[in-house]
Amino acid sequence: MFTSFSTFDLSRNGVRLHGRIGGHGAPLLLLHGHPQTHAIWHRTAPALVEQFTVVMVDLRGYGDSGRPAADADHAHYSKREMALDALYAMQQHGFSRFGVLAHDRGARVAHRLAADHAQAVERLMLLDIAPTLAMYQNTSEAFARAYWHWFFLIQPPPLPETLIESDPVRYVRSVMGSRHAGLAPFAPEALAEYERCAAIEGTARGICEDYRASATIDLEHDRADIAAGLKLTQPLRVLWGEHGAVGRWFDVLSLWRERAVDVSGATLPCGHYIPEEAPRELLAEALSFFNTTPRI
């Protein structure tokens, strides 16, 4: 899927960070969501490398990156810690400032990255999310039914881990196949990657800890930002699927304007998995938005 890219493996504080890099031009970091890997970019990254140096990283707990042990306050999987992974990966490739294009869980990491390291992030595009704290605070019954995994994965161990590990392929297909378009949008080779990585030992723990962190320590960090009056200052473009749950139950632009000073956004004709359901539309958006970044 990524013939024009080279792979890399880094280590940060003993945690392996796996990814790919390719292209020339301004640096652009791509971060994936749950329960996927950097393979979500296989329909857009090959075109992006014509104008950007594209760096794709598997989040800790996912793909071929490391799966650190759980800790009591879930800090090992906080978005703050994941943001440091992403920053480290970019710095190791020589990039001190860069753009970020991120989906789902990766977009939550990107939000924290831009908040904690404003000097590093020039601009960011977030796909199909509203701010984490706002989504929890405004959860409805309909949203809870659609995003059932948010509440399943945060249950105390080992129940959710045990259930996922009993049939990781079924878990991946159940989560991804229950959305707007079912499993039809996913290329067989990409789906095979998601299934392979879901079966790696420690993945279930990593996934659950990611979500447990989002419902605990990540909310503490978000509340601290709000209390301090901290808003993102970078240009922020948010996109969401017209058939997805986020746009249906949340006022995406209004919620992001509470957390950032320069926000624009649009709906795309797809569901949640924008990079695989609407790659042409996403590519056009990305080229337009990130091409205003000064060349390095």
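**View 1. Residues lining the largest cavity of the predicted model.** Lys79, Arg80, Arg108, His111, Arg112, Thr132, Asp218, His221 and Asp222 line the largest cavity. A cavity is a set of points, on a 1 Å grid over the protein atoms alone, where a 1.4 Å probe fits but cannot get out; lining residues have an atom within 4 Å of a point. The model is predicted: local features need pLDDT of at least 70, side-chain atom pairs count only at pLDDT 80 or more, and totals for chains, interfaces and linings use all residues. Residues are numbered from 1 along each chain as its sequence is written, and side-chain values use heavy atoms, without hydrogens and water.

**View 2. Helices and residue classes around the largest cavity.** Helix H2 (79–92), helix H3 (105–116) and helix H11 (217–228) each give at least two residues to the lining. Helices are DSSP runs (H or I, at least four residues), numbered from the N terminus. The lining holds 6 charged residues, 3 polar ones and no nonpolar ones. Asp, Glu, Lys and Arg count as charged; Ala, Val, Leu, Ile, Met, Phe, Trp, Tyr, Cys and Pro as nonpolar; the others, Gly among them, as polar.

**View 3. Cavity volumes.** The largest cavity has about 90 Å³ of space. The count is 5 cavities of 30 Å³ or more. Grid points are joined across faces, edges and corners; a volume is the space filled by probe spheres set on the points.

**View 4. Burial in the protein chain.** Of the 296 residues, 60% are buried, meaning under 20% relative accessible area with a 1.4 Å probe, protein chains only.

Definitions and conventions: 1 Å grid on protein atoms, 1.4 Å probe; cavity = no way out; pocket = protein on both sides within 12 Å on 5 of 7 lines; lining within 4 Å. Buried < 20%, exposed > 50% of the residue type's maximum accessible area, 1.4 Å probe, protein only.
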